[in-house]
Amino acid sequence: MSLRTLAVVGTGLIGTSVALAATRAGLTVYLADRDESAARTAAALGAGRAERPEAPVDLAVLAVPPGQIAPVLATAQARGLARGYTDVASVKARTEREVLATAPHPSHYVGGHPMTGREWSGPLAARPELFRDRTWVLTPTRVTSKQVFDRTLDLIALCGAVPRVMRARAHDDAVALTSHTPHLVASLMAARLAGIGAGTAHLAGQGLRDVTRIARGDPRLWTDILASNAAAVTAVLAELHRDLDGLLAALRELAGAGGARGTPAGDGALTELLGRGVAGLAGLDEARSARPADGPDGHAGGGRNATVPGAAPPGGTPYRSHLDIPLTGRPGELSRLLGTTAALGVTLEDTSVRCAPGRGNALVVRLTTEPPLARSLAARLRAEGWPAGDGPVTPAAPAAPRAPGDGARRDGAGRNGTVRDATVRDATVRDATVRDATVRGHTRRDVPVLPAAGGR
């Protein structure tokens, strides 16, 4: 393997997961983030060192939003951060154009996108096994160097992912359908739940949780993603708009008939649309039949035994309380604490990490929970040896009611922030050729080339 050192710029979910996998594989990893607490949190999880390397690293991974890739790359290349660069952004065509126009050394860059994620964001949600058996798309250009391409393939192999090559535009068209528009639809449905009452929330089933789960993504990040791929997403939404128009017409006809059966136009339109949905899923199920039993696009499945903590009792107000736990900086301390809090039923969305200037800029873990549970949680943590609740529990502002399924336990609870051994698979790769985007000379590796998206 040609990789010994790695830099990760941006320590959110994906960047920290890459760093965890690389560190477990024996690489020396350097972490950077404009949010110091995020980089230091990733370092505390065992993802690497929150410092600049003294010499150029073998490869730098830019884990920043799509609109920031080109300027961050230009800055990193100007100061000699690495010998090669890749990114993990979910939009490629716009980034490719900007890199070719502005990067000091465009041949030292190859676009990348691991097709995985979780509904949670930030370094605490990172997992070294996040990429295992998942597709990792590469979008090389005519000028991409063999050395950078090969180093990126080595990174993909140590993360346990499966490399695929696509043209940038074909990639963007595909993810508009499979990722970006679904996120918008989930957000639109989740927005209908604002102000949902406790009575209605208790009627929510797995279907609602499945539809709305991915709407928890960072709104600012998703604004950048959607703006960067606006044309492709608009095309998919236009098709949905036509289907919705037909669906509304059918339902209005049925409503006008009092819901009576035997209205051919209304019944026929509904049956046809529902049938197309079943047929569409059949093809998707076949393509994914060999995947691990995880949620869509690698998101951990969740929602079983879900409750709606924070929902107010009749006549009550859903207040929350903060509990702060200072860290000492001992190796593995943060991972051990996260394992303890997960076992006590504290979820990722109830956990945050920040730098505390008053404590010498040390890291402080903040847990947010219901007031009746805060003091008992503090007592249980103290019994486990954690300095929790030395001061008074801090009352938080009233919490907005959570969407159904935003519960106290999920699949994956207890794994948050833990470090597991990453599987290093031998991704044998040879010549990788894409129409109008050919990387020549890769005689030792064989990367499947995916065609342009079709059927839309």
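Helices (H or I, at least four residues) and strands (E, at least two) are DSSP runs, numbered from the N terminus. The model is predicted: local features need pLDDT of at least 70, side-chain atom pairs count only at pLDDT 80 or more, and totals for chains, interfaces and linings use all residues. Residues are numbered from 1 along each chain as its sequence is written, and side-chain values use heavy atoms, with hydrogens and water left out.

The chain contains 13 helices and 11 strands. Of its 456 residues, 46% are buried. Here, buried means under 20% relative accessible area, exposed means over 50%, and partly exposed lies in between (1.4 Å probe, protein chains only). The accessible surface of the chain is about 21,100 Å². Carbon and sulfur atoms account for 55% of this surface. Areas were computed by the Shrake-Rupley method with a 1.4 Å probe; for residues, only the protein chains shown count as cover. Contact means heavy atoms within 4.5 Å. Among contacts between residues at least 6 apart in sequence, 75% join residues at least 24 apart.

In soluble globular proteins, nonpolar side chains tend to be buried together. A nonpolar core is defined as a set of buried Ala, Val, Leu, Ile, Met, Phe, Trp, Tyr and Cys residues joined through side-chain atoms within 4.5 Å. The largest such core holds 56 residues. The residues with the most contacts inside this core are L6, W136, L155 and L381. Helix α1 gives the most to the core, with 7 residues. A second, separate core has 18 residues, including V64, A70, A82 and V99. Beyond four places in sequence, L6 touches V18, A22, L27, T28, V29, Y30, V57, L59, V61 and L155.

Helix α2 spans residues 36-44. Its buried residues are S37, A38, A39, T41 and A42. They pack against two helices, α1 (13-24) and α12 (333-343). They also pack against the strands β2 (28-32), β9 (351-356) and β10 (362-369). After α2 comes G46, with a positive phi near 95°.

D87 and K92 were examined together. D87 lies in strand β4 (residues 85-87). K92 lies in the loop between β4 and α4 (93-102). D87 counts as buried, because its relative accessibility is 0%. K92 is also buried, at 1% relative accessibility. A polar contact is a pair of N or O atoms within 3.5 Å; within protein, one must be able to donate a hydrogen and the other to accept it, and residues adjacent in sequence count only if both atoms are side-chain atoms. The side chains of D87 and K92 form such a contact at 2.6 Å. The side chain of D87 makes another with the side chain of Y109, at 2.5 Å. A polar atom of the K92 side chain lies 2.8 Å from the backbone oxygen of A89. A polar atom of the K92 side chain also lies 2.9 Å from the backbone oxygen of G112. Leaving aside residues up to four places away, D87 touches L62, I69, K92, Y109, V110, G111, G112 and H113. With neighbours within four places set aside, K92 is in contact with D87, Y109, G111, G112, H113, T139, A168, H171 and D172.

A pair of aromatic rings is described by the distance of the centres and the angle of the planes.

A disulfide is a pair of cysteine sulfur atoms within 2.5 Å, and the structure holds 0 of them. C159 is buried, with a relative accessible area of 1%. C355 also counts as buried, at 16%.

L237, in helix α10 (residues 230-256), is partly exposed at 32% relative accessible area. Beyond four places in sequence, L237 contacts T181 and L184. L237 and V185 are 52 residues apart in sequence, with C-alpha atoms 9.3 Å apart. E384 sits in the loop between α13 (371-383) and β11 (394-395). E384 counts as exposed, because its relative accessibility is 53%.
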